[in-house]
Amino acid sequence: MSDWQVKYKSSLKDRGTEGILKLREGMLLFVPNDPTSDSKLKVLTPNIKSQKYTKEGSKKPAWLNLSNKQGDSHIFEFQNYQDMHACRALITKALAKCEEEQPKKPAAVLTSAEQLSIADLELRFKRLHKEFVETKVLTEDEFWATRKKLLGKDSIRKSKQQVGLKSMMVSGIKPSTDGRTNRVTFNLTSEIIFQIFAEKPAVRQAFINYVPSKMTEKDFWTKYFRAEYLYSTKNTAVAAAEAAEDEELAVFLKPDEILAQEARQKIRRVDPTLDMEADQGDDYTHLMDHGIQRDGTMDVVEPQNGQFRRSLLQDLNRHAAVVLEGRNIDVDSENTRSVAEALARVKQVSKADGETTKDANQERLARMSRLAEMEDLQAPQNFPLAPLSIKDPRDYFESQQGNVVNEPRGAGTLKRNVHEAYGSLKESILEIRTKGLRDPLIKPEVAFEVFRSLTQTISTAKNIIGKNPRESFLDRLPKSTRDEVLHVGKLKDAMSNSYSQLEAMKESVQSELRHQLSLLVRPMQQALDAAFQHYDADLQRRTAKSARGSAGEANGSV
Amino acid sequence: MPQVKIIAKNFMDMVASLTAIKLDKLYNNVFICEAILRSLPPLAKKYVLQLLFIDDPVPCTRIEEWVLPDGLSKHRVAIDRLIQLRIFTETVDRREGTCFSLNPTFQNNLQKHIISGGVLPREPMNSSNGIKLPSLQELETYALQQWECFLLQLINSGQGEKLTGISSSMMKVFQRGLLSQRDRDGPRLTESGFQFLLMDTNAQLWYIIREYISNAEERDVDPADLISFLLELSFHVTGEAYNLNTLTDVQRTTLKDLADLGLVKLQQGRKDSWFIPTKLATNLSVSLADSSVRKEGYVMMETNFRMYAYSTSKLQCEILRLFARIEYQLPNLIACAVTKESLYNAFDNGITSDQIITFLQQNSHPRCADRVPSIPENVTDQIRLWESDLKRIEMTQAHFYDEFPSKDVFEGACNFARQWGGLLWEDSKRMRLVVKSEVHNQMREYLHTQGN
Amino acid sequence: MATVASKLYSDDVSLLVLLLDTNPLFWSNRSTTFSQFLSHVLAFLNAVLGLNQLNRVVVIATGYCSCDYIYDSSLTLSGNSESGRTGMPALFGSLLEKLEDFIDKDEELIKEQEHDERIASSLLSGSLSMALCYIQRIFRSGHLHPQPRILCLQGSPDGPEQYVAVMNSIFSAQRLMVPIDSCYIGTQNSAFLQQASYITGGVHHAPKQLDGLFQFLTTIFATDLHTRSFVQLPKPVGVDFRASCFCHKKTIDMGYVCSVCLSIFCEHHKKCSTCGSVFGQSKLDGASTVSDKKRKAPDS
């Protein structure tokens, strides 16, 4: 049905295997480019539980994450979003089809195995077998292998659902005030801490660095929220002043270095074939956050302290990214530090991944740009003119001559003869100089013979071309036709002869007998008349045809 | 130039009209064979070459086989000419039909010529003997000068001072046909005379030579000898000196005439005298062929009927004077005007408008010749109109009859005149009629019988 | 060419440029001697000159290493008297003398050339070029000139290494509307001459009996251009259109053609040696090389 060039990842961290994703009836097949690779994959469409995919605008590559009912997820990195969307649409369609089919056999699906009678099971299995094997989707072996695998998995089936993140933004954590004092309180849960760490690697890094060597966890968070508070007051001047005093506090206020680095890396990975034109028209680029602060008030631009401001868009994006990434660590502990470290580890790994795939990435980019060339992104195509390299024709021909010299011609024996040959040539000239031309120059018989043979060739050539005017019309007809015509002509002559003979016969007899004779003769005459008529019509047709034929022949020969 | 061809053919006709014995005698001379070969139409040349080394008769069909349908008429002309000149001998073979073979004498000579190469008719004199030869250029100017001199004298022998040594009787011979003797104002150029002037030098030369040859018998000279000598002369090398001693007496006297025509230059040394052939002589065999050498034109005609001729030649000036009024003459330019009077003069002399126009077209300056038409249309039209003006009235000598006794006699006379085709005009009311003079005698006799 | 045509004589006046093959290697192993051959040729030249006073003949000797003018009828017309004494007419005398000089020079040249592995062909390209140069000079000088044609009297086999030069000459002749007649007296077939005559509208003929050479020459090749318009001349049954490759000078009937300059190669190259164009690798390399090649087979 459809094939796509994809990269298959068993998990997010997986570097991926390049291969071809095929969507066949009822199943997805992944065939790696490298035949030795063992990451061959087969997913039955009805087994697909959900599909996740990266959004087109995000900085991530076009990933399609399919998770099946067993809880395994398969990530396919497509070359572009188009492919991915196409694939996704097809899968959705296939899924819908499966769902339609499902109601037909609700018992089979909904009831558990033990509730089914053995006969039912067998029937169902047979049907499956029929469906797959006989339609040649699977071979016999594959079918049973899959069955075996499924049976094995059945026993350990246990949903391992990932816990998602709240969609509330970290910056949305509003402090609660008691109303009397100036004191503000932030309520911190491990969930929030995780989110903060995930969204702000700089904070995480700072936590790892400072806690507990420099300060307690409590101090850290107090400082963090103080910085956050300063942000929310939009008092950049105060923020700047405090940052100057307290370098730990400054860490939180400064733009996140680690994030920026990651962003840079991602930018590098952006598909260069992306058409940027739409963004340009949107006219957002020159406006800083459209001038809207995160609490909806208009921003007053204070350029001198710009570095202490964070943009709403940045925050939003970061948050979205973290939500999408999901909670990909298994550390459930309440220990903040271990959470931070685990997160840092994950990042480290993916970063290392990025490093190693750099080369591959580069290659991919190059290939992509080759495959999907866009005119406006191309380097100018006008190649420099290469003038003919024949500068001096003499040189050129001499070099060509030189090539030949190297070719053995097996004419070595000639060399010895050359001088003899020159000698004989000169002798010949001397001979003719002293004796004059041979007299007689040419024997009359030879001359006659030559002339005769030449004339012969001329005349035969003429006849082949058929331009000889003396040639009659008959001669130009094919031989068989000519014979026929000649034959018919003879016949006609004979017929007219007999016609006149009959007439003569009529004349010769006496008047009283003439009537009787004419009665006798009439049928014969009638027959002859008919023959003549036929002959005339035939001749007309024939001449018309041959005239046409000869005209065509003439055209052909020109 | 169709006229040229007529003249050249006339000459060949003359050769062809020689008796068989004389022709065979002619063919004894290698150079005549060669010259005749050159004079043949291209196809005939090819036939001669093809059969040159073949002794047996060759069927005509086999020769014809080579000719494309378009060339059949040319083939017939070529064969006719070859038979006329007795180069081809026709035999009829029972099997092959008409066969041709080359005249053996002709064939032998031509074979010899081709094998031995262009052997010169006679050895040129050794140039070391203190002979000062003129350069080729000098020789050419000499030849042209002589020739123009001769032509001038030919045209207006009346007033022209005697420049050449040609006897007046000989001159008369040349002028025969070209000039017409009129009672009142001396000789005038005839139509053919004007045609003659229009021809290129070689054709003119051949015309004169033809006259010279046809006149030969009156001078007790064998025309065949003369032809062979002239043709031989054309194979001499231009600019080389040849001793007169090698010639016969007849040839020597001929040579003197030829020197007057500019064909040869005679020079006298201390011991012996010699002649130097000019280009005119060596070109003799060229003009025999159909190929004509075109000269560069010199006339420019303007729409205002003025004509400029870039020429220094007195002869050309004379030619122009035939139909134009010469206004003034610069060293290399003749300015003239074509007027009604000058043209009437020309028409009076029997020159037609077409002749004048073709002359102008053929001799128009290269710059003008590129244009179409080379002569302005208003000029050509006007020349034709003036000519037709003259042709509006036709004079017929006639006799006038009147005073018929009765209507019957008058009508009888009219019928008689009509029968003889001489009735020009009749007036039945007054009974008068006009009859051509030719019929006058018969008319008179008829009227006499009627009167009786 | 209108200006050229208008400058021609109206009739059969012709300029014949004869390219005479004087390759010693060819003449050394031939039953007909060179002197016999020369007899026929000289007689033929004489006949051509005899046909019309204005006819001109130029002879160019085509040697093994060089070529040169050995006779020009317009130059030797004045004749040198000393040749008369030896019993030879002026035409042949000067021609033979020049020919002898030429052969001496040619022999000198072959001594200089140490490599002697060349095929025993004559320098046809050189003499063709010289003939065309001469004709070009005729075209440009004077207001009237004879109709030129070239006649190649060739016996040596083709030198495939001259392919480019010969073809260039042929096309030049075609442009000048000068027919190249060819009379091939060798044993093999000359693709060059066949093509030359075919392209320029000349006559190609390979006489079978050399003792009747004169008859062949006069019957076929003495026909002037004017006469050819109404005379049928023998036509070859087929023309050998094979080309030589530019790289090894082999005669090939299938090869690679540069898409830029149409150079011909017998094998695949990365770069065209003539124009320097870089060829892309054939996508289906090896699988279908045959279909990529352009066939140039003898036409029959």
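Is Asp225(B) buried, partly exposed or exposed, and at what relative accessibility?

Analyst: Happy to! Please keep in mind that this is a predicted model. Asp225(B) has a relative accessibility of 39%, so it counts as partly exposed, because buried would require under 20% and exposed over 50%. Its side chain forms a salt bridge with Lys25(B), with 3.9 Å between the closest N and O atoms. The two partners come from distant parts of the chain: Asp225(B) sits in helix H12 (residues 223-233) of chain B and Lys25(B) in helix H2 (residues 20-26) of chain B, 200 residues apart. Lys25(B) is partly exposed too, at 43% relative accessibility.

Chain B also holds a salt bridge between Arg418(B) and Glu426(B), at 3.0 Å from N to O. Here Arg418(B) is partly exposed at 44%, and Glu426(B) is partly exposed at 34%.

For a buried pair, turn to chain C. Arg149(C) and Asp181(C) form a salt bridge with their closest N and O atoms 3.8 Å apart. Arg149(C) belongs to strand S4 (residues 147-154) of chain C and Asp181(C) to strand S5 (residues 180-184) of chain C, so the bridge ties together parts 32 residues apart in sequence. Arg149(C) is buried at 0% relative accessibility, and Asp181(C) is likewise buried at 0%.

Salt bridges also form a network that links Lys426(A), Asp104(C) and Glu107(C). Over all chains, the whole structure has 16 salt bridges.

How values were computed
Residues numbered from 1 in each chain as written. Chains lettered and ligands numbered in written order. Predicted model: local features only at pLDDT ≥ 70, side-chain atom pairs only at ≥ 80, totals over all residues. Heavy atoms only, no water. Salt bridge = Lys/Arg side-chain N within 4 Å of Asp/Glu carboxyl O. Helix = DSSP H or I, 4+ residues; strand = E, 2+ residues; numbered from the N terminus. Buried < 20%, exposed > 50% of the residue type's maximum accessible area, 1.4 Å probe, protein only.
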